[in-house]
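Here is a brief report on a protein model with its ligands. Please look through the chains before reading on.

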Amino acid sequence: MATPIDLHEVAERELEDQARYPWRIKACGSTACQSAGAGASISTLESEVVAVGLSDSVRVMSTGCMGLCSRGPLVRVLRRGGEETMYQSVDRDVAVDIVGAVAGRGEVADANRIDRHIPFFTRQHRVVLANAGIIDPDRLASAVAHGAYSALEKAITTMTPDQVVEAIKASGLRGRGGAGYPVGAKWSLLAGASSDQKYVIANGDEGDPGAYMDRTVMEDDPHRVIEGLAIAAYATGATRGYIYVRAEYPKAVERLDRAIRAARRSRLLGRKVLGSDFDFEVQVRIGAGAFVCGEETALIASIEGRRGNPRLRPPYPTESGLFGMPSMINNVETLANIPAIVSKGANWFSSIGTDRSTGTKVFALAGDLTNTGLIEVPMGISLREIVEDMGGGVPDGKVFKAAQTGGPSGGCIPTQFMDTSVDYESLRELGSIMGSGGLIVMDEDTSMPEVARFFMEFCMDESCGKCVPCRAGTVQLHGLLDRICSGEGRPGDLGLLEELCTVVRETSLCGLGQSAPNPVVSTLHYFRDEYESLLQEAAHA
Amino acid sequence: MPEVRRSIAITIDDTEIDAYEGESILQAARRFGIKIPSMCYLEGLSVWGACRICVVEVAGQHQPRPACATLVVEDMEVRTNTARLQSHRRTILELLFAEGNHVCAVCVSNGNCELQDRAVEAGMDHVRFDYRNPLRPVDATHPKYVFDPNRCIVCTRCVRVCDEIEGAHVWDVASRGHQAHLVTELGQPWGRSSSCTWCGKCVASCPTGALFYQGSAVGESVHAPDLVARLVAARRDHEWFPPVESPTSPNEQNGDDR
Amino acid sequence: MAEALHPSGDDRFAVLDKHLKRTHHAQDQLIETLHVAQEVFGYLSDDILMYVARALLLPPSMVLGVATFYHLFNFEAQGEHACSVCTGTACFVKGADAIVAAVRDGYAVAPGATSEDGFLTLRTARCLGSCGLAPVVVIDGNVAGHQDARSTLELIRAQARIPEEVN
Ligand SMILES: Cc1cc2nc3c(=O)[nH]c(=O)nc-3n(C[C@H](O)[C@H](O)[C@H](O)COP(=O)(O)O)c2cc1C
Ligand code: SF4
Ligand code: SF4
Ligand code: FES
Ligand code: FES
């Protein structure tokens, strides 16, 4: 058996190695920048460094997402002991200029420089994404140099499982998968279950169409997810873990697989983790295209190789889950918070955010916004700060109409609530939810009944078909919305729409059906006039 | 061997009853003659909990709960027939009628159909939703039985009885959402299925006219949903009670079910 | 039926058999096995489904039920080229519908289907996780952001030319 890794030694060696280069050029190699041409700019950076004879002093590396996806390809240049500069829209020509500037010949055009002091960067508080865009996700040493697995080591060597559970409870961390269930409470349920075999599962299904936080964490810092899951297993007495990743994220699967193999070789996983008595094996499981498989009982069915039909709870997975054994499902972002809590302490964590929503939240900003991309902000920040300051507001002189959070299970927040604090309770009061972190901004041109129809079509397509209210109800809701939107609505349609929303919400089996009416209810609440004028037009046609 | 079961006091519609531990609200209610409508539930099979006709209100919970899938707990207070529940059940039935092609006047199960009975009880006299009129070809290739998917409500009673009682697992649900439909084996005609044992339990268990014997005329098909509970009880207790009525085979020339 | 395939004569079965062996023919590996089968055979024909059912000792109807539950499995041969248009929320807000319509009309192919000449398969995807680039399309595995109807059609035409240039 290989000897366990000495984390400090590996970290030191890696840092020394990095210090050999006075200059480091980090280029974002994640999907968004790739599709904007990062592949070509990275190879240009590499060949230019050789061409100008700087191979010994400049190191070019490809990293994960740097956040401001709409301006990619992004590149950062770091000088030992000095300032760092960030560049946008780096095509081949700009890449040549960047290397030229490093070599002291010429400059990069101002239009390609990004001011690091804009609110998009300064208002962020990076915990989950601390290493994204900084480390090389394919190298364990690079992650270890930035602290990976030190929390696992601390937990195993200095804390009892109970103490870990207590620390998570004290941190106030709530589930980032949507519902906001207190994480420590869930952990103690699993810890309290008596069974020879228990499972912990990371939910990386990320089904909300318009969100890619979990993808970024899995691709750019896979070791953080694995470490969080291992700590969860240690705290709850589980010995096996699964990471369920949607099949649309092949790169995340590849990186997690590679990270697991590297961690196992270094005895960070497997039998006798870090030489202790704790055993933990992890496997990646791939979905096959089904939104409902993000629901925990459907996810379990899918790991077991069955149709992803949810089942009634109770019994909860912590009593009877995967293969009938006590199991716990946590979202990827939830787990990615764990190492920092264990390392820096519950008090540090709960000092971020609000009283009841502690810590940070990652949001995927998209839609009609100047700056789109990924941000991590403290809970309790106002929607206005996110949209206007960080997002740069609505472009093309258009007017903001609403922000949608929570995807197909969420709702729309109109302009009069821009100053709302972004936390679990405040969003719920407005008829939306925190959701997993998709935040889509819509401008004045957006038709809200159309938005409702869009989400209902999604739910109709994604319904598993098991229970009648969701299977047949979403079809009829979609039919009603379709006819209203295409100007063929009939008198009484709004009443029927509302009544059916209530039935589907109150009688569906799982969260998909129960929350499918939310976008309709929310847009009816804030934008009823749009529905009414469509119906009036129909009446006069 | 009858086990000793702890009893649990609950109230259903103001009547106090002694339910058993591990029993569902539906089972407890039925033992005391309290009617709660059901469709996908069949005594003797695993609980599927999907039709949602059996929803009841439980004090302290704002969402209605399915009676078939909710276990009794001490001091539970259940209401089975509030105005809200009646209205929800009517709507769910309307959804089912709009979803398939249910033309009772020409159906073999007319008068012997659980869907029809539930609709009558619930006072569902018209459907406010657009009929979807799906195109679903009838499968009459099996020498003994017919599957008419137009009348199928995807309750999966046939799937479960074939898997759990007969052990053949001929049926399953394919696709998902509103496309979900029943298939035998890889979706080929039932008559070509090599795993079907011709036992007829799926036909006996079907709540509607979706599964019936070849040659049945309008209103002739009678199901035998109690068959399953009887088989399960006999297997468990080693006590055999002769059936009150034999499971129906309208055509004697169909011969014995093997 | 599976005998008629004669697995020994087709080394694609060797890949599938290797996976089955590696996973000890475990029934809970059904979805992974279907992924592998689709990767080597391109799509899941009845013969392949039956082969998997026999290998895992599962009822055929269950294998079909699982395979048809998930969007990513195909049951027909795919086109030479594939165009996936993201119809997730961010892309919807930015006009993905117009792209789908343009490809549909331009190549006479319904979403989810393959054009009659076998040239193009059109798919819609629910969020590719690149929402910052909305609207997003993927052509033969290459992600392209900030697309509209015209640029997408142009990309498909460009993609179609690639094999000719290589030859
Ligand atoms: C229809 C549906 C889809 C869901 N999709 C996801 C998902 O993609 N990712 C996720 O983490 N949780 C999802 N959830 C929530 C999970 O069921 C579960 O609550 C969550 O993974 C628990 O993790 P947490 O406590 O860390 O939030 C979904 C729930 C429903 C009802
Ligand atoms: S609510 Fe929808 S997704 Fe959930 S069990 Fe019912 S049909 Fe399936
Ligand atoms: S055929 Fe009958 S028993 Fe089977 S699912 Fe359909 S309605 Fe239910
Ligand atoms: S009888 Fe309870 S849900 Fe169908
Ligand atoms: S909505 Fe299209 S990539 Fe996310």
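## Domains of chain C

Which domains does the assignment give for chain C? There is domain 1, at 12-69, and domain 2, at 81-160. Their centres, taken over C-alpha atoms, lie 29 Å apart. The model is a predicted one.

## Where chain B meets chain A

Chain B gives 34 residues to the contact, and chain A gives 35. The area buried between the two chains is about 2,800 Å². Carbon and sulfur atoms account for 54% of that area. On the chain B side, B:Arg52, B:Leu95 and B:Arg176 lose the most area to chain A. Together they make up 22% of what that side buries.

The interface of chain B and chain A holds 6 salt bridges. A:Glu506 pairs with B:Arg84 in a salt bridge, with the closest N and O atoms 2.8 Å apart.

Three elements of chain B give two or more residues each to the side that touches chain A: strand E4 (65-66), helix H2 (83-99) and strand E7 (171-174). H2(B) supplies the largest share, 9 residues. By class, this side of chain B has 16 nonpolar, 9 polar and 9 charged residues.

## Ligand surroundings

Ligand 2 is surrounded by 13 residues. The closest are A:Cys464, A:Cys467, A:Cys470, A:Cys510 and A:Gly513. The shell divides into 8 nonpolar, 4 polar and 1 charged.

Around ligand 3 there are 14 residues. B:Cys152, B:Cys155, B:Thr156, B:Cys158 and B:Cys206 are the closest. This shell has 11 nonpolar, 2 polar and 1 charged residues.

Methods
Residues numbered from 1 in each chain as written. Chains lettered and ligands numbered in written order. Predicted model: local features only at pLDDT ≥ 70, side-chain atom pairs only at ≥ 80, totals over all residues. Heavy atoms only, no water. Near = heavy atom within 4 Å. Nonpolar A, V, L, I, M, F, W, Y, C, P; charged D, E, K, R; others polar. Domains from an automatic or database assignment. Contact = heavy atoms within 4.5 Å. Buried area = accessible area lost by both parts, 1.4 Å probe. Salt bridge = Lys/Arg side-chain N within 4 Å of Asp/Glu carboxyl O. Helix = DSSP H or I, 4+ residues; strand = E, 2+ residues; numbered from the N terminus.
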